[in-house]
Amino acid sequence: MKDGFRQSMAWLHTWTGLVLGWLLYFIFVTGTLGYLDTEIDRWMQPELPPAADNMTPTRAVTLGHDWLQANVASAKEWNILVPSDRNIPQLRLYWRDTDNERDSVNLDAAGEPVAARDTGGGQRLYRMHWQLHYLPGWFTGWLISIATFVMFVAMVTGVITHKKIFKDFFTFRPYKGQRSWLDAHNALSVLSLPFQLMITYSGLVFMMFLCMPLLISAFYGGGEAAEESFFDEVFLEEPEVTPSGEPAALVDLAPLIAQAEARWGAGRISHVGIKQPGDANARVHVNGLYSAGPLRTSPGMTFDGVTGELLHERAASGTVARNTRDVFLGLHEGMFAGPLLRFFYLLSSVMGTAMIATGLILWTVKRRQKLDSKGEGAALGVALVERLNVGTVVGLNIAVAVYFLANRLIPADFEGRADWEVHAMFLAWAAMLIHAGLRSPAQGWREQCVIAAVAFCAVPVVNALTTERHLVHSLAMGDWVFAGFDLAMIATGLTAAAVAFYLRGKPAEQPAGSRRAANRRRDASVSARP
Amino acid sequence: MTPLLLTASLAAAGAGFGLLALAMERHRKQLMPARRPWAPGQRGLMRLAGVLLLGGSFFGCVGVWGASIGATAWFGLLSLMAVAWVAVLTVVALRRR
Amino acid sequence: MAVTSRLLAATLGGYALSVVAGVVAGYGLSVARPDAVLVGMMFSFVVYTGAFLWAFSTRSATRAWLGLMLPTLLLAGPAWWITQGGFA
């Protein structure tokens, strides 16, 4: 065991980073994309009209209610999502019918349903951030919890290990091989340190009910009923109301909305849920927007569905403990952020992703240099990590581009197209890992950067060939979601192309200096043998 | 008022980090190679000024966004300006080689 | 071998310590039951992280185990008392 506190922390930092580095990279990539989930959703359903910015909550609820009443009057539960901000761009209705099946529809400004291609969209990418894919929920929950905790240990040990954290604060020395990779890893981490610590710790808070269940048992006793009562007390759930069987007309919703707007501010309604519409025991839940800050709860009002009487009101703010949890969750999701703050979130998220990538690459550069200086060939571990790095650091992004391409290329009415978009993504990732396995690392980096450049630049092209909402059209219409998406694809593709260009003709990752020294030493040891 | 305050916060953070960088011998050599190394008093003063400017940008952010969002935004602003300085110093160092 | 021992100490011993520490901290810092759970959980992660740092930095694997098990045993008593209705 290494002696010295700092050295042992360095050892722990290296191993925690290495063992789960690729999973954490996946989590950071999907987290970054998940932050843009609504924008990606909209790009992946080009049939939907641009955001319904001008719809007031009252109009949205009226249109929604009219459609639901006309089409699914017998449903057990209606939900109307009001297009209030960036997070809910369309008027969307959800309902649960008599068979407990859930279904949804988007309505346009006139209250007419809009058909859009079935897709997982950005939400699917967002969900992969904590649910991965193809794996059962109980397993991924624990895996993500463990990965998040390991990340936290990696961050703390990283700070402890970084002796010159202030001295090297502004330092980046390029073209120096291992030194440069270390500088990059340090700079990316330190300059976004508050965000990385926050995002990791709040990630733990997200998972804490799952991975620390003994604390619920300690205070409530074991078993499901005890757990239920804990959740009811924390989330201030109102008791479920069963249908009475007596039909009764649903109260007019407009005055209820007006009452809620009077309390919370005009336009600050996020969604309306109606339980047992048409029954004497109907209930109308009106929910406000998340409070204008990191506190990730919204106020709510519950009305009697027949008389319109206000039965129950729930404030957004609760006890200190609950608010602390909600602030952590709110900071993690960053949904309260306006455009400039969203840019900061994205910058930090990308820095975090690059922090992991540079860490993984640094490990291989360091080991490779050590092996070369001893004149040894490739050790299996290093060779494996080098190739996993290529296939993941570049390959995963290629897979994301393929996901977007699949969205445009799979026919809109193809059965199960949403699942196949995801299959395409993971098949592409698998292909990139296989490619990385078959090529030398240097070739792998170069070639996959070229593939990435082609794949990303192809996205706006395929968009133009398969839909009307291509870049020129979007710019002309001022549709910044579509234009921004296409431009981001081009920017990513050009970045990949630039890296590929920089890597052309480079035999390996080491700097010239150490390679000459390594060759000299190897020749010396060869000539010294009998 | 808000764009002005925001610009001021960005500028304060930029200037603050600039002074903190300049106070370091390594970066003084890159930015002002002609000068002699700072005296300890000068270095301390620069560091103090740098920290005060960073603190000033915090209050600017709070002024733009309010307390809770402002505090969050401040960290992002700092990251952005710190990254900008790393880029500048790297380019300067490469030019001088 | 020592690494495996330390790893087990960190993951298992650390988890035990963070649970009992969480119970005690939650109880000590809260007035109501649901809050105690929330506070305890959020606190437990800090303890668990500390346990990991301890397990991998001490001179020997034995010290790693001792350093985690002793506080766990010490806190187990109060934690047990709390689970038996400290809030009642």
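Two strands are taken to pair if DSSP finds at least two bridges between them, and helices (H or I, at least four residues) and strands (E, at least two) are DSSP runs numbered from the N terminus. The model on screen is predicted, so local features need pLDDT of at least 70 and side-chain atom pairs count only at pLDDT 80 or more, while totals for chains, interfaces and linings use all residues. Residues are numbered from 1 along each chain as its sequence is written, with chains lettered from A and ligands numbered from 1 in the order in which they are written.

**Stop 1: the sheet of chain A**

Select A:T302 and then A:H312, which is the bridge partner of A:T302 in strand 8 of chain A. Widening the selection to strand 7 (residues 300-304) and strand 8 of chain A shows an antiparallel pair held over four bridges. These strands belong to an open sheet of eight strands in chain A, with antiparallel pairing and the order 4-3-2-1-5-6-7-8. Strand 4 (113-114) and strand 8 (310-314) of chain A stand at the edges with a single partner strand each, so one side of each has no neighbour in the sheet.

**Stop 2: helices across the sheet**

Helix 10 (residues 254-264) of chain A lies across strand 5, strand 6 and strand 7 of chain A, at about 30° to strand 6 of chain A. For these angles, axes are lines fitted to C-alpha atoms, for helices over the stretch in contact, and angles run from 0 to 180 degrees between N-to-C directions.

**Stop 3: two loop residues**

Next select A:Q276, in the loop between strand 5 (269-275) and strand 6 (283-288) of chain A, where phi is near 50°, a positive value in a residue other than glycine. A:L132, in the loop between helix 4 (121-131) and helix 5 (137-161) of chain A, likewise has a positive phi near 50°. Most residues other than glycine have a negative phi. A residue is called buried if 20 or more other C-beta atoms, placed from the backbone, lie within 10 Å of its own. A:Q276 counts as buried because it has 21 C-beta neighbours inside 10 Å, and A:L132 counts as buried because it has 20.

**Stop 4: the nonpolar cores**

A nonpolar core is a set of buried Ala, Val, Leu, Ile, Met, Phe, Trp, Tyr and Cys residues joined through C-beta atoms within 7 Å. The largest has 158 residues, and those with the most contacts inside it include A:Y25, A:I398 and A:A452. Its largest share, 15 residues, comes from helix 2 of chain C. Centre on A:Y25, which, leaving aside neighbours within four places in sequence, is in contact (C-beta atoms, placed from the backbone, within 7 Å) with A:T353, A:I356, A:A357, A:T392, A:V393 and A:L396. A second, separate core of 28 residues includes A:V82, A:W95, A:L250 and A:V284.

**Stop 5: where chain C touches chain A**

Finally, show both chains: the contact takes 29 residues from chain C and 27 residues from chain A. On the side of chain C, helix 1 (2-29), helix 2 (33-57) and helix 3 (61-83) of chain C each give two or more residues, and the largest share, 18 residues, comes from helix 2 of chain C.

Conventions. Two residues are in contact if their C-beta atoms, placed from the backbone, lie within 7 Å. A residue is buried if 20 or more other C-beta atoms lie within 10 Å of its own, exposed if 12 or fewer, and partly exposed in between; C-beta atoms are placed from the backbone.
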